[in-house]
Amino acid sequence: MDEVNKAVKDNYGLSVLKVERIKNVYKLYADNGVYCLKPIKYVYGHFKFILAAMEHLRNKGFDSVPPIIKTLKEDKHIVLGGTQAYLTPWLSGREGSYDNPYDLEIAASALARLHKYSEGFTLERDMKPRIGWFRWIRN
């Protein structure tokens with residue numbers, strides 16, 4: 001956790017009071033709010049794809065994606081323990097249950113909105129999206 005504290009202080013200027021590991025993210029309690037530090041263990045091209053997709057969705061008005069907080073140097077990510085990581089505000093919520101019809105309806109609706117807002121997203125040459133990208137069109 002010391003590495004997380006140092007990286008956040010050095011790159012974002014935040015004084016972290018407490019760090020909690022929750023699944024694959026760090027919940028950071030800082031002197032000015034609560035944040036989520038999300039390390040991504042994919043190759044850089046896939047990481048770049050994820051960040052670009054998140055920004056595209058937010059720019060189109062899809063508010064279910066949290067804003068990426070830039071570093072003091074205006075970068076969108078940092079290197080943490082050999083992986084890339086990005087910082088967002090912490091979003092409170094609960095884990096959905098796909099056995100619950102209400103939760104399933106919310107998830108399906110959000111997925112439909114995500115696909116609608118993703119229209120117009122273009123890949124850059126150095127992005128490496130998931131393996132099945134565009135395959136469904138050929139089938």
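This is a predicted model: local features need pLDDT of at least 70, side-chain atom pairs count only at pLDDT 80 or more; totals for chains, interfaces and linings use all residues.
Tyr-86 has a relative accessibility of 10%, so this residue counts as buried.

**Phe-47 and Tyr-86**
- The ring centres of Phe-47 and Tyr-86 are 6.4 Å apart and their planes meet at 40 degrees, so this pair goes down as tilted.
- The partners come from distant parts of the chain, 39 residues apart: Phe-47 is in helix H2 (residues 44-59), and Tyr-86 is in strand E5 (residues 83-89).
- Phe-47 counts as buried because its relative accessibility is 0%.
- Tyr-44 joins in too: ring pairs link Tyr-44, Phe-47 and Tyr-86 into a cluster.

**Phe-49 and Phe-121**
- Phe-49 and Phe-121 make an edge-to-face pair, with 5.8 Å centre to centre and 70 degrees between the planes.
- Phe-49 lies in helix H2, while Phe-121 lies in the loop between helix H3 (101-117) and helix H4 (135-138), so the pair ties together parts 72 residues apart in sequence.
- Phe-49, at 10% relative accessibility, counts as buried.
- Phe-121 is buried as well, with a relative accessible area of 17%; the cut-off here is under 20%.

**Charges over rings**
- Lys-18 puts its charged end over the ring of Tyr-29, 5.1 Å from the ring's centre.
- Arg-21 lies over the face of Tyr-26, at 4.5 Å from the ring centre.

Notes
Residues are numbered from 1 along each chain as its sequence is written. Side-chain values use heavy atoms; hydrogens and water are left out. Rings of Phe, Tyr and Trp (its six-membered ring) pair if their centres lie within 6.5 Å; planes under 30 degrees apart count as stacked, over 60 as edge-to-face and the rest as tilted. Helices (H or I, at least four residues) and strands (E, at least two) are DSSP runs, numbered from the N terminus. Buried means under 20% relative accessible area, exposed over 50%, partly exposed in between (1.4 Å probe, protein chains only). A charge sits over a ring if NZ of Lys or CZ of Arg is within 6 Å of the ring centre and within 35 degrees of the ring normal.
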